[in-house]
Each structure stands twice: as C-alpha cells, then as structure tokens.
Amino acid sequence: MKTPPNFNIVIADTTCFILLEKIGEMELLRSVFDNIITTDIVAAEYGFPLPNWVEIRKVADIHLQEVLQIEVDAGEASAIALATELSPALLVLDDLEARRLARQLNLNYTGTLGVVLRAKWSGQIESVKPIMARIQNTNFRITDQLYLDVLKQAEE
C-alpha cells in the first residue's frame, strides 16, 4: 500500500465538508488527520456548525486572498491564502482551478477522494468502493477515469 506523506496541518475547503457530510463520512477527516483547520469564510460558506475538532482561523494576508479571488471563489481563495501562511500544510481542494493555483504556489494539495484513499491506506476503512458509490449518488462529479484511478490506487 502507498504511504503518503504526513502533514501536521490540513486545511479543508467547503466542498470537502459538504461532500463528507452528505455521505455521512465527516469523521473520515479526523480519522486520517490530527489537525484540521479551515477559514472563517469556508465555515460561513458551509452554513452549518462544523465539528469542534475543526479549528477556524482568519487569513492574515487579506491582499493575497483578494488577488486569489480573481481566479477562484472566496472560500477557496481563503483556504489557499491560509496555506501559504501555515506552510507546510496540506490543502483539501476539489475545484480544478483552485488546485491549479495551489500547484502554481507550490502548495501541497489533495481532494476529498484523496482523503478517502488516505483512510484506506491508513486502515481506517476496508474499502473505498462503498464510499465511492455514495459519492456517485450526490451531485459531486466524478469522471469514469477518476473513479477507476481511485480504485486502482486503493488496489480494489
């Protein structure tokens, strides 16, 4: 099994929280990562109280956040800006443009499906297939190729 690098700080965007809540797997984040942080903007976008194990912080570099908002939404911009302040951190981003920006800024990132894979690799879940099936029953878009890639990485 693949062993991904560990990060002391994980910064999650809104989509991760929404998707994991929709499929009843919010605890996956906590089972895989010790220190989960998000921004006040992401917390507001989520619209519901986040679990008490999610730390909410404000971005210090508001100018960078505003510049990033030219390319992505406010939540993603705030998460990326916070990651630059707390580096090395792992961002959980699902939006393609947000991931492109993170890559340009040399930030570490994964998506919600990466969280699911880490749960498998760390032994927190036995199989990704049931979770992937629940995800496919939401409005979260997964291409057939991405679905197959996740199963291959999970060795399923």
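Helix 7 (112-121) buries Thr-112, Leu-113, Gly-114, Val-115, Val-116, Leu-117, Arg-118, Ala-119, Lys-120 and Trp-121, where buried means under 20% relative accessible area, exposed over 50% and partly exposed in between (1.4 Å probe, protein chains only). That's ten of its ten residues. This is a predicted model, so to speak of local features needs pLDDT of at least 70, side-chain atom pairs count only at pLDDT 80 or more, and totals for chains, interfaces and linings use all residues. Residues are numbered from 1 along each chain as its sequence is written, and side-chain values use heavy atoms, with hydrogens and water left out. Helices (H or I, at least four residues) and strands (E, at least two) are DSSP runs, numbered from the N terminus.

**Helices 7 and 8**

- The cover over helix 7's buried residues includes helix 1, helix 2, strand 4, strand 5, helix 8 and helix 9, with contact meaning heavy atoms within 4.5 Å.
- Just past the end of helix 7, Gly-123 has a positive phi of about 85 degrees.
- Over in helix 8 (residues 129-136), the buried residues are Ile-131, Met-132 and Ile-135. Looking down the axis of helix 8, you'll find its buried residues within an arc of 100 degrees, so they line one face of the helix; the arc is that of the directions from the helix axis to the C-beta atoms.
- As background, an α-helix has 3.6 residues a turn, so residues three or four places apart point the same way.
- Helix 1 (14-22), helix 2 (27-32), helix 7 and helix 9 (144-153) are among what covers the buried residues of helix 8.

- Five strands form an open sheet in the order 3-2-1-4-5, with parallel pairing; two strands pair if DSSP finds at least two bridges between them. Strand 3 (54-57) and strand 5 (108-110) are the edges, each pairing on one side only.
- From one strand to the next, the twist averages 30 degrees. For angles, axes are lines fitted to C-alpha atoms (for helices, over the stretch in contact), and values run from 0 to 180 degrees between N-to-C directions.
- Strand 1 (residues 10-12) pairs in the parallel sense with strand 4 (residues 90-92) over three bridges, and Ile-11 stands opposite Leu-91 there.
- Helix 1 packs on the sheet and touches strand 1, strand 2, strand 3 and strand 4, its direction making about 75 degrees with that of strand 1.
- Helix 5 (residues 74-85) also packs on the sheet, touching strand 1, strand 2, strand 3 and strand 4, with its direction at about 125 degrees to that of strand 2.
- Strand 2 pairs in the parallel sense with strand 1 over two bridges and with strand 3 over four bridges.
- You can follow the bridges across: Ile-11 partners Ile-37 in strand 2, and Ile-37 partners Glu-55 in strand 3.

**Strand 2 and Thr-38**

- Strand 2 is covered on both faces, with Ile-36 and Thr-38 buried on one side and Ile-37 and Thr-39 buried on the other.
- Thr-38 sits in strand 2 (residues 36-39) and, at 0% relative accessibility, counts as buried.
- A polar atom of the Thr-38 side chain lies 2.7 Å from the backbone oxygen of Ala-12.
- Leaving aside residues up to four places away in sequence, Thr-38 touches Ala-12, Phe-17, Leu-50, Val-54, Glu-55, Ile-56, Arg-57 and Leu-82.

- The largest nonpolar core has 37 residues, of which Phe-17, Leu-29, Val-128 and Ile-135 touch the most other members. A nonpolar core here is a set of buried Ala, Val, Leu, Ile, Met, Phe, Trp, Tyr and Cys residues joined through side-chain atoms within 4.5 Å.
- Helix 7 gives this core its largest share, six residues.
- A second, separate core has 21 residues, including Ala-79, Ile-80, Ala-81 and Leu-107.

**Leu-107 versus Leu-96**

- Leu-107 is in the loop between helix 6 (96-104) and strand 5, and at 12% relative accessibility it counts as buried.
- Beyond residues up to four places away in sequence, Leu-107 touches Ile-80, Ala-83, Thr-84, Leu-91 and Ala-102.
- Leu-96, in helix 6, is exposed, with a relative accessible area of 68%.

Conventions
A polar contact is a pair of N or O atoms within 3.5 Å; within protein, one must be able to donate a hydrogen and the other to accept it, and residues adjacent in sequence count only if both atoms are side-chain atoms.
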